[in-house]
Amino acid sequence: MSEATSAASADRARTTEAGPVAGFLKATELDTRMLGMIGALVLIWVGFHFLSGGLFLTPRNLWNLSVQSSSIAVMATGMVLVIVTRNIDLSVGSILGFVGMVMGVVQAELLPQSLDFGNPWIWVIALAVGIGVGALIGGLQGFVIAYLGVPAFIVTLGGLLVWRGAAWWVTSGRTVAPMDATFRLMGGGPAGSIGATWSWIIGLAGCVALMLVLVNGRIQRKRFAFPLRPVWAEIFLGAVGAALILGAVWVVNSYPWPIGIVRRHFEGQGLPVPEDVFIAHGIAIPVLIALGAGVVMTFVATRTRFGRYVFAIGGNPEAAELAGINTRWVVMKIFMLMGALAAIGSAISTARLNAATNAQGTLDELLVIAAAVIGGTSLAGGAGTVAGAMLGAVLMQSLQSGMVLLGVDTPLQNIVVGLVLVVAVWLDTLYRRRVQ
Amino acid sequence: MSATQTPLVELTNISIAFGGIRAVDDASVDLHRGEVMALLGHNGAGKSTLIKILSGAYKRDAGEIRVDGKPVAINNPRDAKHYGIETIYQTLALADNVDAAANLFLGRERLTPWGTLDDVAMEAEARKVMGRLNPRFERFKDPVKALSGGQRQSVAIARAILFNARILIMDEPTAALGPQETAQVADLVKQLKSEGIGIFLISHDIHDVFDLADRVCVMKNGQVVGTASTDDVTKDEVLGMIILGKCPAGATPGPGALSAVA
């Protein structure tokens with residue numbers, strides 16, 4: 001008993017010695033790496049805001065940023081698992097292009113032959129076909145990687161060429177447009193957003209979920225007598241989390257529909273156009289899809305047997321095999337999942353463009369990999385988080401949007417993004433060395 | 001250990017070759033309930049390879065494995081575990097980036113009724129078994145790579161005994177341990193033996209295992225030199241088997257024994 005007390009007081013002494021910052025980090029158990037990334041993001045945002053003369057931190061720009069990040073963010077959630085198992089997928093951009101063409105042809109050319117124009121099933125069938133094709137392609141590549149033993153780098157490098165070529169073949173290079181009206185909602189825009197009321201409802205639901213997670217975590221720790229976070233730290237985490245969620249909702253609810261669209265909306269319903277009307281966008285549907293993918297993939301990675309195997313394989317493939325894990329099947333499933341997520345990313349970007357083109361998603365694979373790596377996924381395998389990768393996607397998109405706002409030339413944009421990627425990974429290497 | 005009893009496990013005429021090198025050549029060995037069989041030999045004598053065939057890590061080219069007298073097909077580690085064969089590998093085979101409980105249950109996770117990982121139950125059981133092996137072990141939340149060599153070893157051992165092993169294979173189990181921890185492992189071996197578990201103890205150092213073992217089996221160049229009860233041979237005679245391949249009178253010679261010159 002006395003030993004336990006003295007150990008506890010020694011702990012406390014160490015905390016105070018280490019200064020208030022370290023004490024705060026220890027109490028809240030926040031990941032310093034994640035905090036660093038958020039810090040970098042804030043720095044980039046504020047920097048662009050001043051450089052652009054106050055154009056960056058506006059509801060309009062932030063709303064656009066959230067929509068533009070969605071497709072890459074969805075794919076980055078899968079790339080985390082791929083990289084964690086010491087593999088790579090260079091083909092996601094091409095899969096996105098090919099699947100986009102397939103979905104475009106299905107909804108714009110095949111289905112209208114048998115279904116009425118605008119039939120609500122069209123988008124469902126098109127999306128299901130797309131996800132099926134994506135998973136099939138991923139499964140095929142995964143099979144070659146896992147069972148035939150060809151390195152993932154080579155297989156997906158081949159895939160990069162194959163599926164880009166296949167995207168051209170679907171319609172011999174012709175662009176398919178327009179997309180089904182319901183399908184198009186997945187791309188955002190005024191109609192593809194859920195409006196102010198629903199945004200608040202989802203925001204509040206998110207806050208409630210956050211509280212439940214915190215309370216449940218505390219109950220579980222108590223049950224097994226694990227050290228608890230101080231109560232103030234729990235309240236602090238809950239308050240900051242809720243403030244961030246509600247703040248984000250407030251921002252997207254501050255971005256009104258453009259006046260032209262408002263007018264058309266009311267005229268379309270045969271109503272007089274009121275003066276000074278404010279219709280908020282609210283959360284865009286692609287952002288909801290990305291958030292949903294993030295939640296589901298985080299759950300898969302941390303709470304399921306499959307996720308546990310993914311990380312075990314990344315940590316020590318031989319040990320995983322000796323522990324009786326069917327490592328090949330797990331790897332194949334990861335690539336299937338990656339293919340399906342590329343299909344969802346494809347649905348978002350095809351819907352947003354309102355067209356399927358064979359060049360769609362070119363170089364997306366590099367953005368996705370960069371997002372995952374900036375987000376803390378280790379190329380040596382075994383480490384990475386889905387949330388980090390999504391944040392990485394937002395960071396990459398912020399850089400790009402910011403430079404567009406500043407009117408930076410495209411070649412220079414590429415130079416900056418490339419340099420940022422290298423510097424970010426270098427800093428991460430330094431950080432990891434210090435932690436160890 | 002009566003010879004009339006059916007052995008717990010029998011490996012007969014096992015051979016495996018890697019690209020023309022016969023790593024194990026026509027080796028036979030058996031193990032009874034509650035018996036410690038030491039498998040001795042130089043580095044590269046084929047001990048680990050032979051045992052990896054039993055644990056399912058390698059597929060044999062020829063030979064037969066019998067458990068309780070019945071021939072069994074062991075094609076992968078899952079098959080071996082199905083027959084109650086658990087292995088502590090020389091390399092420990094731990095996934096370094098996850099915690100102790102995740103390693104203990106790797107491949108055999110406890111699930112909640114909703115099919116998600118039951119980390120709470122796994123950790124509770126991990127605490128129980130680790131408490132038995134290494135009462136001072138406290139670092140259940142850290143990834144295994146943060147642990148000391150001895151702690152990692154206890155995790156590997158705990159994993160092997162957690163699932164009611166009937167046959168335990170320990171490949172150089174004390175290689176990374178200090179004297180005190182080595183003594184702990186010796187105590188554990190005696191305890192498991194009294195519970196009726198058959199143990200293969202692999203070592204290149206005869207002093208580590210001679211006092212623990214009931215029988216020794218010596219290998220050289222992939223072949224069995226001979227098998228003997230530790231009551232019938234001296235340490236020096238066993239050393240002669242290891243170094244020269246000379247089979248003493250008290251031992252049953254195998255195919256690798258130096259032809260009866262001595």
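This is a predicted model: local features need pLDDT of at least 70, side-chain atom pairs count only at pLDDT 80 or more; totals for chains, interfaces and linings use all residues.
Chain B contains an open sheet of 4 strands in the order 2-1-4-5, with antiparallel pairing. Strand 2 (21-31) and strand 5 (70-71) of chain B form the edges, each pairing on one side only. Within the sheet, strand 1 (residues 9-18) and strand 4 (residues 62-67) of chain B run antiparallel and are joined by 5 bridges. Ser15(B) has Ala62(B), in strand 4 of chain B, as its bridge partner. Helix 1 (residues 47-54) of chain B lies across strand 1, strand 2 and strand 4 of chain B, and the angle between this helix and strand 1 of chain B is about 115 degrees.

Two further helices of chain B pack against each other. The axes of helix 4 (residues 119-133) and helix 5 (residues 149-161) of chain B are 10 Å apart, at an angle of about 115 degrees, and the crossing is right-handed. Helix 4 of chain B contributes Val129(B), Met130(B) and Leu133(B) to the contact, while helix 5 of chain B contributes Ser154(B), Ile157(B), Ala158(B) and Ile161(B). By class, the residues of this contact comprise 6 nonpolar, 1 polar and no charged.

Between the chains, 21 residues of chain B are in contact with 22 residues of chain A. On the side of chain B that touches chain A, the elements giving two or more residues are helix 2 (77-82) and helix 4 of chain B. This side of chain B has 13 nonpolar, 3 polar and 5 charged residues.

Definitions and conventions. Residues are numbered from 1 along each chain as its sequence is written. Chains are lettered from A and ligands numbered from 1 in the order in which they are written. Axes are lines fitted to C-alpha atoms, for helices over the stretch in contact, and angles run from 0 to 180 degrees between N-to-C directions. A crossing is left-handed if the near helix is turned anticlockwise from the far one by less than a right angle, and right-handed if clockwise. Two residues are in contact if their C-beta atoms, placed from the backbone, lie within 7 Å. Ala, Val, Leu, Ile, Met, Phe, Trp, Tyr, Cys and Pro count as nonpolar, Asp, Glu, Lys and Arg as charged, and the others, Gly among them, as polar. Two strands pair if DSSP finds at least two bridges between them.
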